[in-house]
Amino acid sequence: MAREARCKGMQAALVVGKVPPMPTATPSQRVVALSPASEACLKRTGAWKKMDVEQRPAFQSMRVADACKPGAQVQLDAKGCVIEVDAITKALHEAAKDAQGGAKVDWLWKDEVRSVQMPNTNSLENAGDAMASVHLESGERLRARLVVAADGANSRVREMCGLTMRSYSHGQRAVCCVVNAEGVHHSTWQRFLPSGPIAVLPMRDGYSCIVWSIGEEEARSIEASSDEEVLARINEALHTEKFYDPPSQLSRLTGKQCRGERAKEGSKFQSKTTQGKKDDSRKSDSEVAGSGRHPTPEENSPFTDENEKRGAFPRAASIVSRPKSFPLKVGQSTRFTLPRLALVGDAAHVMHPLAGQGVNMGFGDIELLLDLMVKAGEGGEDIGGQRLLQEYARRRRAANLTMTATVEGLKALFAANGNVMATARLLGMSALDSVPFLKEQMVRFASRSAKW
């Protein structure tokens, strides 16, 4: 708002509970995969250019594989970038400080919302000129035509306004850690295991982030394991193909197994160790130990772009940031709006990280809400009025339900065991890989404009 000339004349207050953490030399596990639409949104705010080029490495494709069918792999021409949350937050704050020409924004630092009082009506039609009232811990009182709750999945503002999040747990956790990985390059990699998907995402400085959806006990076990044990389990999940029935390597790893499937020797997924002399120009671990940083994959990786072309999955070489996990659940607020209130981002909806669309959906919420506010202002309408809030709720609820259904459907499809389901997945992935139109539609769905 502060940069948009079309928002000139508007006034807003941003309540910031605490100063966000700044990026560190060692990459953080808290990352997001930004779609082209979200990237465009950050460019309009001025935040994109506040991030160093190396902080926003782009990927050009997405590799997806089915662990239950060694021959099933599809490559999508999906574009985007994986960026640390702290880097985005820092860039947004810096861009906001420099912003001018748009709305007047007051920053209320290190303050918290104590209570919210909405117009005393259950109908948007009767809100009239009544204003919302926000009381802060500092004692300050704000009156507004629109309150935007952007305070996360455990939103206090949503709770204060009497709205609840209808959610259910997957009974799993997402384990995240940063590694030096060999053979990642310019792709994101996702392998579907019976217990859930494991993904390898390219980060800045050649590092990679592992995001692994797994059972709660297994997640806790990984967090408590040594670096060597963590690496072994990650690489086993990325490469093992011995799916025997009874117990296979994978069933011992995850507690589940793919029934009726035997991996074929010589599959293109088979992990191989690259042989040959090490390039003398690469720095060894000992040579960089004194610098206080971890060696980058470019300094110690024997892999080349040929591995990516052959479809060989990456291999984790060393741990950079220890694994941490968070619970996986899906949910949506009972309502996205009330008179004078709009929920955005995780305050309105949470989803499985399978497709990496959570943050992109949040940017989509903000983009649409701002567009509607500007149009209402230009037309002399109330920027927190009935028509605006109803249209926002209708469009974003539909978008969220569509994305959630797609992600949950994919998760259920790849979690199903049995030869028939594995064969069906193979046929589906083969069709997707060989029909350009289908691939294009899937990519467009994952990265479509934030205003849909």
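1. Overall make-up. The protein chain contains 13 helices and 19 strands. The model is a predicted one, and every remark below should be read with that in mind. The protein chain has 452 residues, and 50% of them count as buried. Its accessible surface comes to about 21,500 Å², with 51% of that area belonging to carbon and sulfur atoms. Among contacts with a separation of 6 or more in the protein chain, 74% are between residues 24 or more positions apart.

2. The largest nonpolar core. This core has 35 residues, and those with the most contacts inside it are V157, L341, L369 and Y392. At least two residues each are supplied by the strands β8 (113-117), β9 (132-136), β11 (147-149) and β18 (341-343), and also by the helices α10 (358-378) and α11 (386-415). The largest share comes from α10, which gives seven residues.

3. The surroundings of V157. V157 is one of the residues with the most contacts inside the largest nonpolar core. Which residues does V157 contact, once its neighbours within four places in sequence are left aside? They are V113, V116, V147, A149, D151 and L341. Of these partners, L341 is itself listed among the residues with the most contacts inside the largest core.

4. Aromatic pairs: the stacked case. Two aromatic pairs are found when the whole structure is searched. In one of them, the ring centres of W107 and W109 lie 5.2 Å apart and the planes meet at 15°; the pair is therefore stacked, since planes under 30 degrees apart count as such. W107 has a relative accessible area of 25% and is partly exposed. W109 is likewise partly exposed, at 35% relative accessibility.

5. Aromatic pairs: the edge-to-face case. In the other pair, W189 and F313 have ring centres 5.1 Å apart and planes at 70°, so this pair is edge-to-face. The pair links distant parts of the chain, its two residues being 124 residues apart. W189 belongs to strand β13 (residues 187-193), while F313 is in the loop between α9 (305-310) and β16 (315-333). Are W189 and F313 buried or exposed? W189 is buried, with a relative accessible area of 1%, and F313 also counts as buried, at 2%.

6. A charge over a ring. R397 lies over the face of F336, at a distance of 4.7 Å from the ring centre.

7. Q332, a buried polar residue. Q332 has its place in strand β16. The residue is buried because its relative accessible area of 12% falls under the 20% cut-off. A polar contact of 2.4 Å joins its side chain to that of N400.

8. M10 is in the segment before β1 (11-16). This residue counts as buried, at 15% relative accessibility. Where the chain is concerned, M10 and G102 are 92 residues apart, yet their C-alpha atoms are separated by 7.7 Å. Leaving aside neighbours within four places in sequence, the contacts of M10 are M1, A103, K104, M373, V374 and I383.

9. Positive phi at K110. K110 is not a glycine, although its phi is positive, at about 50°. The residue lies in the loop between β7 (104-109) and β8. With a relative accessible area of 65%, K110 is exposed, because the value is over 50%.

10. Positive phi at D205. D205 is another residue other than glycine with a positive phi, here near 55°. It is found in the loop between β14 (196-202) and β15 (208-215). Its relative accessible area of 36% makes D205 partly exposed.

Terms used:
Residues numbered from 1 in each chain as written. Predicted model: local features only at pLDDT ≥ 70, side-chain atom pairs only at ≥ 80, totals over all residues. Heavy atoms only, no water. Phe/Tyr/Trp six-rings, centres within 6.5 Å; stacked < 30°, edge-to-face > 60°. Buried < 20%, exposed > 50% of the residue type's maximum accessible area, 1.4 Å probe, protein only. Helix = DSSP H or I, 4+ residues; strand = E, 2+ residues; numbered from the N terminus. Lys NZ or Arg CZ within 6 Å of the ring centre and 35° of its normal. Contact = heavy atoms within 4.5 Å. Areas by Shrake-Rupley, 256 points an atom, 1.4 Å probe, with all protein chains shown as cover. Core = buried A, V, L, I, M, F, W, Y, C linked by side-chain atoms within 4.5 Å. Polar contact = N/O pair within 3.5 Å; in protein donor to acceptor, adjacent residues only side chain to side chain.
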